[in-house]
Amino acid sequence: MSIINKNIISLRDKYKDYFPIGAAIRPDDINGPHKEILLKHYNVLVAENHMKFESTQPKENEFTYEAGDKIVDFAMDNNMKMRGHTLIWHNQTTEWVFLDNQGDKVSREVLLERMKNHITEVMNHYKGRVYAWDVVNEAIEDIEDKQLRTTEWLDIIGEDYIEKAFQYAREADPEALLFYNDYNNEQPKKLEKTYELLKKLLEQGVPIDGVGIQAHWDINDVHLFDNLRNAIEKYASLGLQIQITEMDISMFSFEDKRKDIIKPTKEMLEKQARVYEKVFSIFREYKNVITAVLFWGISDEKTWKDNFPVKNRKDWPLIFDENHKEKLSFTKIVEF
Ligand code: G3I
């Protein structure tokens with residue numbers, strides 16, 4: 001029996017004059033209830049894990065596209081756009097990338113060659129199907145007085161690894177939109193560092209089309225709305241487009257490590273709905289610069305938040321519940 005309530009409006013139809021709406025998916029989401037939700041509500045997809053370095057090139061020059069292809073084929077068959085996530089990141093990148101046969105760190109030249117090879121191969125494989133790529137992910141440091149995160153990429157190549165990645169990406173697929181993607185980059189300190197970095201790169205002529213605001217938020221952040229507005233305006237002032245790339249709104253703030261809540265309360269669900277309502281009204285207001293909004297998952301049945309920041313603690317950050325029904329958060333997004 002279908003889980004879809006025919007009387008419920010389609011999210012993507014409701015937002016057709018604003019921006020595409022999407023979700024991060026795993027290969028098994030293209031069957032069962034999640035498939036029905038995807039087909040009714042979304043028109044842009046991203047692979048939650050299967051286009052990352054460790055998935056696409058687990059061993060040197062052994063490219064594996066099976067899982068990613070399954071997701072991309074599903075998107076193409078159903079008239080959806082496909083984002084690519086992600087080419088260069090410190091996480092989910094197999095160790096071989098940074099080491100030689102003896103287990104020593106490779107030189108800058110070797111790592112640049114490997115970076116170029118990876119970007120070129122993967123973008124070529126998905127050319128014409130993936131329209132936008134997170135070229136570099138999470139390169140900004142969280143700690144206050146340091147701009148770039150310490151990673152093997154930075155350590156071995158140096159600060160220009162970011163511009164090199166974007167240049168290789170533009171050469172590989174001149175048609176694809178190229179994004180810099182990060183979390184907490186609407187918060188003032190990280191915003192400032194990101195703004196400075198992007199401004200400098202753009203002045204140098206580095207090909208960057210947009211910035212991804214991941215939007216892993218929670219229901220208790222009282223500064224969120226002001227921060228968000230401010231961030232959108234600042235990034236837009238650089239001439240960049242903005243995509244909301246990984247949205248979910250956790251029931252817990254980062255510091256809240258409670259494990260005894262086994263069901264969201266009515267108050268939590270209402271609070272979450274108010275946050276979703278408000279951020280979507282801000283997105284609509286800035287529809288001229290926001291070119292896509294994607295959730296990081298489909299329903300509360302499974303989400304990365306079930307294991308972060310507390311392992312094995314259930315969270316309910318999405319707009320469909322554990323039984324795939326529309327939550328109040330869904331209703332508030334489509335009621336305008
Ligand atoms: O698939 C295996 C499974 O076979 C195994 O039994 C299980 C045991 O732990 O692990 C499963 O793999 C997990 C995988 O997610 C699939 O669920 C990995 O351990 C786990 O590390 C991995 O986490 C992913 C995380 O990135 C890793 O960095 C999350 O799914 C994914 O949602 C998350 O996504 C990131 C974005 O790429 C970048 N921005 C932040 C965002 C959230 O962390």
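Guide: A helix here is a DSSP run of H or I with at least four residues, a strand is a run of E with at least two, and both are numbered from the N terminus. The model is a predicted one, and in it helix α9 is followed by glycine 239, whose phi is positive, near 85 degrees.

Visitor: How many residues does α9 have, and what distance does it reach from its first C-alpha to its last?

Guide: Helix α9 covers residues 224-237, which makes 14 residues, and its reach between those two C-alpha atoms is 20 Å, close to the 20 Å expected at 1.5 Å a residue.

Visitor: Which residues of α9 are buried, and which are exposed?

Guide: With buried taken as under 20% relative accessible area and exposed as over 50%, the buried residues are Leu224, Asn227, Leu228, Ala231, Ile232 and Tyr235. Seen down the axis of α9, these buried residues fall within an arc of 130 degrees, so they line one face of the helix. Asp226 and Ser237, on the other side of α9, are exposed.

Visitor: What do the buried residues of α9 pack against?

Guide: Their partners are the helices α8 (188-203) and α10 (266-285), together with the strands β6 (210-213), β7 (216-218), β8 (241-250) and β9 (290-295).

Visitor: Now to a loop: why does proline 27 count as buried?

Guide: Proline 27 is found in the loop between β1 (21-25) and α2 (32-41), and it counts as buried because its relative accessibility is 15%, where the cut-off is under 20%. Setting aside neighbours within four places in sequence, proline 27 is in contact with His50, Ala67, Lys70 and Ile71. Proline 27 and alanine 47 lie 20 residues apart in sequence, while their C-alpha atoms are 8.1 Å apart in space.

Visitor: Which residues line the second largest pocket?

Guide: That pocket, with a volume of about 170 Å³, is lined by residues including Lys263, Pro264, Asp300, Trp316, Asp321 and Glu322. By class, its lining has 4 nonpolar, 1 polar and 6 charged residues.

Visitor: How many cavities of 30 Å³ or more are there, and which residues line the largest cavity?

Guide: A cavity differs from a pocket in that the probe fits but cannot get out, and the count of such spaces of 30 Å³ or more comes to 2. The largest cavity holds about 50 Å³ of space, and among the residues lining it are Ala24, Arg26, Asp29, His34, Glu48 and Trp304. The class counts for that lining are 4 nonpolar, 3 polar and 4 charged residues. The second largest cavity has a volume of about 30 Å³, and its lining, which includes Trp89, His90, Glu138, Trp153 and Tyr161, has 6 nonpolar, 3 polar and 1 charged residues by class.

Technical notes
Residues numbered from 1 in each chain as written. Predicted model: local features only at pLDDT ≥ 70, side-chain atom pairs only at ≥ 80, totals over all residues. Heavy atoms only, no water. Expected span 1.5 Å × (residues − 1). Buried < 20%, exposed > 50% of the residue type's maximum accessible area, 1.4 Å probe, protein only. Arc of directions from axis to C-beta. Contact = heavy atoms within 4.5 Å. 1 Å grid on protein atoms, 1.4 Å probe; cavity = no way out; pocket = protein on both sides within 12 Å on 5 of 7 lines; lining within 4 Å. Points joined across faces, edges and corners; volume = space filled by probe spheres on them. Nonpolar A, V, L, I, M, F, W, Y, C, P; charged D, E, K, R; others polar.
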